Amino acid sequence: LLFPVVSGNTVPIFNTTIFYVPEDLELGQFAFQLEAYDLDNDPLTYQIGGTDAFYFSVDSKSGKVTLRNSLDRELQAMLTITARVSDGINNEVSQKIIIIAEDRNDNAPVFQFLPYNAFILENTSLHSIIYTVFANDSDTGNASRVSYSIEEVIPDNTKNHQLFYILPNGSVVLNGSLDYTMNTFYQIKILAKDSGGLLHNNWIVQQSFNYLSLTIEDVPNLDPRFLNEPYSGSVPENCDLGTTVLTVTAMDRDTGVNDEIFYDITNASVPFVINVTTGTITVSEPLDREQLPSEEVLLEVTAREKHLDIHGKVAQTSTLVTVLVTDVNDNKPQFYNCSLSSCNFSASAQNFTGNIIEHSSSRLPVSNLNIIAHDPDKGINSSFELSLQGPNAAAFSVFPTTIVGSGEVQILVLNSSLVDYEISHVMVVQIIANDTGNPTDCCSTATVTIDLIDTNDHIPEFPQSTYNLSVIENSLNGTIISPNITAYDPDSGVLGQITYQLLPETIQNTFTVNATTGALLVHDGSLLDRETRSIYYANLQAKDGGNLVGTTVLEITVLDANDLAPVIIGSYFISVEEGQNVSTQIQAIDNDEPGSLNSKLGFKILPGLFSNNFTINADTGEMHSKEPLDREALEDERGQMVVAVMVYDHGEPQQNTTVNVTITVGDLNDNIPVFLNQSYEFSVFEDSPGSFVGEVKATDADRTEINSRISFRLERGSGSSNFLIRSSHLGPGNYSGQLSVDPDMSLDYDTLQQKFFTLTVLAENTAADNAGDKANVSVM
């Protein structure tokens, strides 16, 4: 043996090229070992390929092959793969490997040439071969050798079982005499089993069976006979015309002749007909179980052979057919207004009326209801379920919930809080009777109207616990403070009628409430004076017809009316020296509501003799003279100025008060005498001592007697000694000076050098602070 060498290295070669693998090996199990021989002991890598390689997986390092897909020897007994091995140095070596699938007993015998039917005459002789069956087993050896046995003969009895036996080659042999009158037909159950073999390491015998059908043939000497008697069929009521009830089959017991048979129903007035040739009985008239005299109808059916028997007689036989008209759920339940003992179920009703006291306890039934529910169907078809629907279904339940046939129906309280007269005087529920077995026409509905009977279960309730109201002081009697402070009492009738009362009683002197409407009015408006009392508290009581009482608190605020005029604080007499300014502040208060327009004050000077001499601040009442005061500008002897000041508020209607401010202006000696003429000229006769010469006049504007007093004197000068001047008071501030010749002087025109005297007359005020405050005038 020559080993190819590469660089002194030999290639590996496979040791074994054929392997045997059992066909029942399980997936993932070890199948065979690939082994290659390498002189150099190089590490080897294995792979497999080829058409059948998908049955296996190989471990590339160890060469261990496991099963990847199931084997079946009967489909493929030999598999071919290509195994490849590499030492990593030389070229890869390929080798064809053959795998033989070893047989296991995994196939049962299979009967061939089915079906197995045989016809034999009843006088067939003993030990005749009736039929031969053949079963094939595709396994090999013992596992393919088939043996037969008879397992069962139908009809199944001991005698029949002994009637046949089977040979090893599959031939069935008659082992007794046949009697057509006893049996016209046999079924023989034949078992085929192999001789056993291994499967998954267990000894297994596989087997299968099949039936041989034997029909016994006879000679024509007997009347026909109905098969499968007795006949009973059933048909649902209300079925379509032509519905098949059942088929009667009569056969000529002379099966060798097998004469044609005609069928006939011989009793009259039945709602069925029979097909003359087939024996099929069908419905010929509408069926209504509820209208039939009995749900069982008896039919007398005759079977007659077409030809006469060997005796020349009509060959015929009769049988009774019982047809049960079964109940169909064709009636839905209905409601009736009656009592169960006397209901004839003639006229159904849809509307019922009952009553119940509100808030009745749970499970209490609604009164005055007579509701019977009835379904004329039979048995389970007459069972139906009751439930509630409708606007008030949550408040009630229906009892019972299931009725079979007929039953009384009650409506029970479920939730007493919902059975509330104040929510609704009338409640409505629908009772649904649901015949669950009849989905097309399942249901009836009864509407139940439940009148609630009211109880006094509510206390009158005001929407608010406190009402803040207001009324203007001095309001007229009957003034509406609030038109309706109403409490709510949902009870009905007298129980819900509310009467209102105001408490405590003392407050009724001032306020009153309408007992029916809850309107709050002024009773005596003269008692309302905000300045005396600005807030009242009262309880308003609401009492219903059942003497249940609810209350609320009234807080009545007396609003300010502008009913008070401002009040002047103090009196205003002011003395001031002339030449000075006057300032004063008028002070007043208004007792209307502080901070409101009713108590906000304004000031103004009213038109008058001196209104233009002063200004006043309209908001503060500060009053000022526009310029220094001059006593001489006043005509009043006392030097008084009277100014009228109005103090007013800003309310509606406006209120005001007037105050006189009296200013007395003190006189200052601030005026000097003034001569009425700029000069005077007089004449006098000579030699007239003491005679009157003339009169000069002067005025002083000062207003007091002392300040306006004037005295005249002659200024010293030439000729002044010849004259005298005497003052006299003419009136306030008016004085005259009478000039006369000195009585001691006798003026002589002839001796006097000068015929004219120019005198200076001085007018002075002795009370003047300043000695220079004097006037003079020239007198000629």
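Is glycine 8 buried or exposed? In this predicted model, glycine 8 is exposed, with a relative accessible area of 59%. The legends below start there and then visit other spots along the chain.

View 1. Glycine 8 sits in the loop that links β1 (5–6) to β2 (9–10). Its relative accessible area of 59% is over 50%, so glycine 8 counts as exposed. Look also for aspartate 40: the C-alpha atoms of glycine 8 and aspartate 40 are 9.5 Å apart, although 32 residues separate the two along the chain.

**View 2. Asparagine 41, a residue with positive phi.** Asparagine 41 is not a glycine, yet its phi is positive, at about 55°. You will find asparagine 41 in the loop between β6 (36–37) and β7 (45–49). With a relative accessibility of 68%, asparagine 41 is exposed.

**View 3. Asparagine 547, also with positive phi.** Here phi is about 65°, a positive value in a residue that is not a glycine. The loop that holds asparagine 547 runs between β46 (535–543) and β47 (549–559). Asparagine 547 has a relative accessible area of 56%, which means that this residue falls in the exposed class, over 50%.

**View 4. Aspartate 491, a buried charge without a salt bridge.** Aspartate 491 belongs to the loop between β42 (480–482) and β43 (499–503). This residue is buried but makes no salt bridge. Which side chain of opposite charge is nearest to aspartate 491? That side chain is lysine 543, and it is 15 Å away. A salt bridge needs a nitrogen and a carboxyl oxygen within 4 Å, so lysine 543 at 15 Å does not qualify as a partner. Take a moment to look at what does touch aspartate 491. Setting aside neighbours within four places in sequence, its contacts include the acidic residues Glu358, Glu422, Asp454, Asp457 and Asp544. Thr455, Asn456, His458 and Gly496 are in contact with aspartate 491 as well.

**View 5. Salt bridges, from a total of 12.** The model has 12 salt bridges by the rule used here. One of them pairs arginine 709 with glutamate 705, whose closest N and O atoms lie 2.7 Å apart. Both partners are partly exposed: arginine 709 has a relative accessibility of 34%, and glutamate 705 has a relative accessible area of 44%. Elsewhere, shared partners link Asp24, Glu102 and Arg104 into one network of salt bridges. Glutamate 102 is partly exposed, at 29%.

View 6. The side chains of arginine 530 and glutamate 531 form a salt bridge of 3.1 Å, N to O. Glutamate 531, at 28%, is partly exposed.

View 7. The bond from phenylalanine 399 to proline 400 is cis, with omega near -5°. Proline 400 is part of the loop between β36 (396–399) and β37 (402–404). Another cis peptide bond connects glutamate 652 with proline 653, and its omega is about -10°. For proline 653, look in the loop between β55 (640–649) and β56 (656–666).

**View 8. The largest pocket.** How much space lies in the largest pocket? The volume is about 430 Å³. Lining this pocket are 20 residues, and those closest to its centre are Phe682, Ser683, Val684, Lys755 and Phe757. Sorted by class, the lining has 14 nonpolar, 2 polar and 4 charged residues.

**View 9. The second largest pocket.** This pocket holds about 180 Å³ of space. Its lining is made up of 13 residues. Nearest the centre are Phe610, Asn613, Ala633, Leu634 and Met641. The lining of the second largest pocket divides into 7 nonpolar, 2 polar and 4 charged residues.

Notes:
Residues are numbered from 1 along each chain as its sequence is written. This is a predicted model: local features need pLDDT of at least 70, side-chain atom pairs count only at pLDDT 80 or more; totals for chains, interfaces and linings use all residues. Side-chain values use heavy atoms; hydrogens and water are left out. On a 1 Å grid over the protein atoms alone, a cavity is a set of points where a 1.4 Å probe fits but cannot get out, and a pocket is an open set with protein on both sides within 12 Å along at least five of seven lines; lining residues have an atom within 4 Å of a point. Grid points are joined across faces, edges and corners, and a volume is the space filled by probe spheres set on the points. Ala, Val, Leu, Ile, Met, Phe, Trp, Tyr, Cys and Pro count as nonpolar, Asp, Glu, Lys and Arg as charged, and the others, Gly among them, as polar. Helices (H or I, at least four residues) and strands (E, at least two) are DSSP runs, numbered from the N terminus. Buried means under 20% relative accessible area, exposed over 50%, partly exposed in between (1.4 Å probe, protein chains only). Contact means heavy atoms within 4.5 Å.
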